[in-house]
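Please keep the structure open while reading the points below.

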Amino acid sequence: MIRNTLSYARELDFKDSIKSYREKFWMPQHEGKDCIYLCGNSLGLQPKDVKYALLNELDHWKEHGVEGHFKGSMPWMYYHKFLLEQSANIVGAKKEEVVVMNTLTTNLHLMMVSFYRPTTERFKIIMEGGAFPSDQYAMESQVKWHGFAPEEAIVELHPREGEDTLRTEDIIETIKKEGSQTALIMMGGVNYYTGQFYDLASITKAGHAIGTKVGFDLAHAVGNVPLQLHDWNVDFAVWCSYKYLNSGPGGPSGVFVHEKHGKNPELPRFAGWWGHNEDERFQMKKGFIPMEGAAGWQLSNAQVFSMAAHKVSLDIFNEVGMTALREKSEKLTAYMIHLIEELNREQKRFNIITPKKPEERGCQLSILTGKEGPKLFEFLTEKGVIADWREPNVIRIAIVPLYNSFEDVYRFVELLNQFNS
Ligand SMILES: *Cc1c(COP(=O)(O)O)cnc(C)c1O
């Protein structure tokens, strides 16, 4: 029995075995109290230890200057390596299949250089309609750069009339239909607007059946939903770290390249010295020889400060593990859905467009509002809720299992109720 009371929410928090992780983060304040922070899908909170990790690198620089590249327990020369194991665990990959570098859209382009190799017969990209704008622009500009017209080359997937999210069967159907004309399937892992978690394994399988490459933008999936990129045989993936992975504004991006491609030095790519065979990097010789694995796509030396911040949260993820996070996450969203449906039974109308099946969503719920939407959002903001408004009329709520509580959920829904009454 789920009871609609604050004390019941607190009981759930009491029973939560990973509740103490909230204490590892700084919660923004509103009128002297904790905000109800439901925006971890835009910018994750700051781990308290980030400050010390940054001070540590500043001291290292101060003490050693350029020698910092080779000295200390985390020499800058190898800095990206200190983030690999944790990143690999989060996305279900081998260590050699991941690397942390650059930023997300940059990496999307770098991956497309290698994996979008259109010919006159096979040139199409299948993607979700209404994808995050940066992804739309990246696809469009890649298609044009290869001399094709976006209207012909980009196939968008849209929900059926009257539905809000895509059906896997329809995605597969389109993949089959476009067949041998398709060069790449490139989708989000979790759609940023609806919160739908796509069936990445089935999409990858269907893509490979028609002989195309399959890549995913995991900006809203990484650190949110369970991923098995290696076993699903995904060709490549990219993600950012400042959303669920809490690396701070502009934090670095992660890249996955399946080992079957990572072992192929002939695969075309845009190269830089940091992707070159590490043993010879400083011989400054002519002729690029890529390192094996995702590391062979690196261009530049590591952005140490942003990676230092990123590592703090990665270590927290590694400690708590995606299994425990996912378990709590499903409970949090189920609780919120239940409470909102209770409100709806009392003639309130909050339409959750995110799929109700747990396997089709992560920790985000998208609430479609009517014309009172902007006013509702303003009301929530005044009451100390930090959420996210997306045009034209959706409030996105992320209930992050690392630092959100059942009490946060309860209080948020209580405010929804207050607004309408
Ligand atoms: C957040 C997000 C981005 C942002 O791209 P940056 O290059 O990190 O600025 C891109 N794509 C998706 C799907 C996102 O959710």
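The C-alpha centres of domain 1 and domain 2 are separated by 29 Å. The model is a predicted one, and its division assigns 6-41 + 321-418 to domain 1 and 54-319 to domain 2. The points below take up the interface between the domains, then the surroundings of the ligand, and then salt bridges and backbone details.

**Interface between the domains**

- Contact between the two parts involves 29 residues of domain 1 and 23 residues of domain 2.
- The size of an interface is often expressed as the accessible area that is lost when the parts come together.
- Between domain 1 and domain 2 the buried area comes to about 2,200 Å², and carbon and sulfur atoms account for 57% of it.
- On the side of domain 1, the residues that lose the most area to domain 2 are Asn-41, Met-322 and Ile-353, which together make up 24% of what that side buries.
- The count of salt bridges between domain 1 and domain 2 is zero, whereas 10 residue pairs, with both residues at pLDDT 80 or more, are found in polar contact across this interface.
- Within the side of domain 1 that touches domain 2, at least two residues each are supplied by α12 (322-345), β12 (364-368) and β15 (394-398).
- By residue class, that side of domain 1 consists of 13 nonpolar, eight polar and eight charged residues.

**Surroundings of the ligand**

- Which residues are around the ligand? They are Leu-104, Thr-105, Phe-132, Asp-135, Asp-217, Ala-219, His-220, Tyr-242 and Lys-243.
- For Thr-105, a polar side-chain atom is found 2.6 Å from an oxygen atom of the ligand.
- The side chain of Tyr-242 has an N or O atom at 2.5 Å from an oxygen atom of the ligand, and a polar side-chain atom of Lys-243 likewise lies 2.5 Å from a ligand oxygen atom.

**Salt bridges**

- The structure as a whole holds 20 salt bridges, and one of them joins Arg-22 to Asp-34, with the closest N and O atoms 3.6 Å apart.
- Arg-22 belongs to the loop between α1 (6-15) and β1 (29-30), while Asp-34 belongs to strand β2 (residues 33-34), so this pair ties together parts that are 12 residues apart in sequence.

**Backbone details**

- The peptide bond leading from Glu-391 to Pro-392 is cis, its omega being near 5 degrees, and Pro-392 itself is placed in the loop between β14 (388-390) and β15.
- Where does Asn-102 lie? Asn-102 is located in the loop between β4 (98-101) and α4 (104-115), and its phi is near 50 degrees, which is a positive value in a residue other than glycine.

Key
Residues are numbered from 1 along each chain as its sequence is written. This is a predicted model: local features need pLDDT of at least 70, side-chain atom pairs count only at pLDDT 80 or more; totals for chains, interfaces and linings use all residues. Side-chain values use heavy atoms; hydrogens and water are left out. Domain bounds come from an automatic or database domain assignment. Contact means heavy atoms within 4.5 Å. Buried area is the accessible area (1.4 Å probe) that two parts lose on being put together, summed over both. A salt bridge is a side-chain nitrogen of Lys or Arg within 4 Å of a carboxyl oxygen of Asp or Glu. A polar contact is a pair of N or O atoms within 3.5 Å; within protein, one must be able to donate a hydrogen and the other to accept it, and residues adjacent in sequence count only if both atoms are side-chain atoms. Helices (H or I, at least four residues) and strands (E, at least two) are DSSP runs, numbered from the N terminus. Ala, Val, Leu, Ile, Met, Phe, Trp, Tyr, Cys and Pro count as nonpolar, Asp, Glu, Lys and Arg as charged, and the others, Gly among them, as polar. A residue is near a molecule or strand if one of its heavy atoms lies within 4 Å of it.
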